[in-house]
Every structure is written in structure tokens, then in C-alpha cells.
Amino acid sequence: ISLDTLREDALGFHGGPWQTPNLDEFAQAYETWSPHYSGGGWTKPSHATMLTGYRGDTHQMSDLERVLNPGIQTVAQRLSGAGIATGASVFDCKWLDPKWGFDRGFDEYRVTNWRIGRSVRQVANWVVAHQDEPFFFFYHTFEPHSDWHRLPYESPGTTQQEIDQLYDVDGYGCENGRCASQRLNDINDGVTQLLDNEVEILRQLYGRGVQETDRALGDLFQDLKTMGVWDNLLIVITSDHGEAFMEHGRLLHGLTWAEIVRVPLLVKWPAGIGQHRIGEFASGSADLVPTILHHAGLEWQGLPGTPLQTLDHERPIVIGGPNRMVAHGGWKANIAGNARDLRFLSRIDTDPRETRNLSSEHPDQAQALLKIAQQTAAEDIDLRHRLEDSDVNTETLSAEEREKLRALGYLE
């Protein structure tokens, strides 16, 4: 289950300010991994890592119009090849469209405009219909991602009029014809000024999306229990990235600050294995495919990640691509795409919000993380060259897709 744009500290059990009783109960009953890092700072590359097990320099899906290379298998292809039924339900955000190759290996890959309150029923029905055979199902929701209508974050029951009254604003969400995500993008670009209380408004709107996500998941969990399939399921809940609220001078997502790449990871194993456990080591999105393959008794060696079931040591967690990150030994470095320029070094065990750049005070540590980034990039690029079997790897965005992505703030 991929809950788009859900930062780790949005959830109650991670200290979040909003009530998330269903995910809190899930975390307390089963397995929690923290810190857990996404595969990138935005939807397309992060899901590429989530669904293939390869990092950014191998799949290269940070490129807006790149198609997943045919030589890079999805987890669904691996599982389907072993005779396991596969299905998916994803929200039509354009970045998970089949045209990019994410549908490979799925017997059914359904793209809908249904928000989470409706799509959970489809998921429950699919699971129950396949309960008598081994199966893998991928479920992607769009809450609490920023929106393209009027308010920057939409959720059931929230109106522009209510926000205007609560925060003494007028027609909030739009200015000079630019609304919702486009407004946030304009603030990032310095075109529109941030209102004095706007961060508070944005967090309130985002939080309502978090709560709607939790409420709908509670319905899904209850349906699966009522239908008698819950105990036999392996359930992995995570996110592709978080969301920024001016912690480092920007809104939305895309970079590798903690508020963007620290995301939840909750795991329920079948038959109660691993209940009430907190993972001892840091994990990353590249560990998810090995975890699923290992559970299915399939080969996972050759992938850069490690199955959570066998994880018994600390390793560097790396995000590759145009915006790089290395987290290791209590340190975290944000690194430029060239893997040579360190942008920010923080001690995340004592400064988890990354408020102080320690690169000049700890040059040896900075160099050590830079070396890890460079070595990992070289290994991942070499892996890409060994896997590639086609030069046809780009697909043009349609005019309609460009308009939707522009409304979400991804395109100028």
C-alpha cells in the first residue's frame, strides 16, 4: 500500500499532530521501521524503486519522459513468472500510468480517479476474489497529495468558505487565476507571497487528508478482517515521499530533506509473525522488493536492497539521481546529482529536522558520505548497463497529461 505524500511525522505514533487511530493501532500491533527512506523525492522515481527494487541511477525514472527499460523487471513480473496472481489499483496522477512501464507483470492494472474512500472497496473485493491462490496486490492512493482544484489540499467536507472563515482570509487557494498546487509552486518560485498564517492553513488542509486516509484504511482493514483473509496477509504500508511546509524554505516535495524522504514503513506478517516489533536498523524503499521476494521463496540476490527478514546490520541508505542522499551512522548528507558536491551534512540522531549544516565542522565525515554516494552511483550505473536491453526508453507526455501535471506544479 503506497500512500502518496505521507511524511513519517504526520502519523500519531510518530508524534504527528493529527489523529490516525487505525494506522496507530496497526503500528502498535505489528512491525514498524524507522527511519525509513523513500526511493526519491517525488512520485515517479520513488515508485520505480518501490516496484523494481533498483535505485535511481539504475532505473533513471527521474527523467520526466523516460519509460522503464524492458531489462528492468518489476516485482510483479518476478512474481507473475512464479505463477502468482497480480493486480493493482492506482490513482490517475499520470506518473503511474501504464505508459511508463509500471504495469508490467500485472494481470490487472487499474487506473482510476477514485479517491481513497471509494477505492478501498475495490481493493477488498479483489483480495477476497483471489484469497484461494497466492497473490500480490499493489494499491496506490493519492491522499494527502496537493490538488488541482481550488484548495491546495482537498479532502471530503472541507470547503474554501470554511477555510476563509477559520483563518480570516478571502477566497483562499487562488490568486491571479492560479489555484491549489499552482499557488504553492508560485510561492516556491517567489511569484506569490506566503500569507502570514499560510503554513498553518496548509498544515491544517494536509492534516485533513491524512485523517481521511487513516479513516478509509480503517474501513479496508475491517473489511479484510470481516471477510476472513486478514490473518493470512503480508501487508506493507509505506509512502513514496513526504511534504514540505517551509522547514527549509520551500513547499511541496522533490528534494531530499527529512520532511520529504522520511516516510512510514509498517509491516504485518502472516500468522502474527513479528508482532509488536520495531525494526532496529534504518531501511529504504529498495528493501521492499527483496522483502516480498524472500517471503515468496523467490530469488532476490542481485538487487541492491536487503529483505527486512534478514536485515541484521546497519548499511548506508542511498537515494540516487538528480537529488542524492546518503544516510549512515547517524549522519545524513544531501548531495548534488554529480555526486561530487555536498549540499548539507546533518547529524540526524541529534538534529532530525536538519537545522544545522555540519559540513565545514566535520569535513572527514562529509568526504566519507560523498565517497559512499560516488561508489553507489558507479555500481548502480554499471548495473543499469548490464540490465538494459533496449534503447527505446522515452514516451512523450500528451497535452492533457501536461496540463494535469502543470496544475499539480510538476511542470512550468
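A cavity is a set of points, on a 1 Å grid over the protein atoms alone, where a 1.4 Å probe fits but cannot get out; lining residues have an atom within 4 Å of a point. The model is predicted: local features need pLDDT of at least 70, side-chain atom pairs count only at pLDDT 80 or more, and totals for chains, interfaces and linings use all residues. Numbering starts from 1 along each chain as its sequence is written, and side-chain values use heavy atoms, without hydrogens and water.

The structure holds 1 cavity of 30 Å³ or more. The largest cavity contains about 50 Å³ of space, and among its 11 lining residues H59, Q60, R66, N69 and E388 are the closest to its centre.

| Class in the lining of the largest cavity | Count |
|---|---|
| Nonpolar | 3 residues |
| Polar | 5 residues |

Contact means heavy atoms within 4.5 Å. Leaving aside residues up to four places away in sequence, I237 touches I1, L3, L23, F26, F221, P264, L265 and L266.

In helix α2 (residues 43-52), 10 of 10 residues are buried, that is, under 20% relative accessible area with a 1.4 Å probe, protein chains only. Its buried residues pack against elements including α3 (56-59), β6 and α10 (288-295). Just after α2, G53 takes a positive phi of about 90°.

Technical notes
1 Å grid on protein atoms, 1.4 Å probe; cavity = no way out; pocket = protein on both sides within 12 Å on 5 of 7 lines; lining within 4 Å. Points joined across faces, edges and corners; volume = space filled by probe spheres on them. Nonpolar A, V, L, I, M, F, W, Y, C, P; charged D, E, K, R; others polar. Buried < 20%, exposed > 50% of the residue type's maximum accessible area, 1.4 Å probe, protein only. Helix = DSSP H or I, 4+ residues; strand = E, 2+ residues; numbered from the N terminus.
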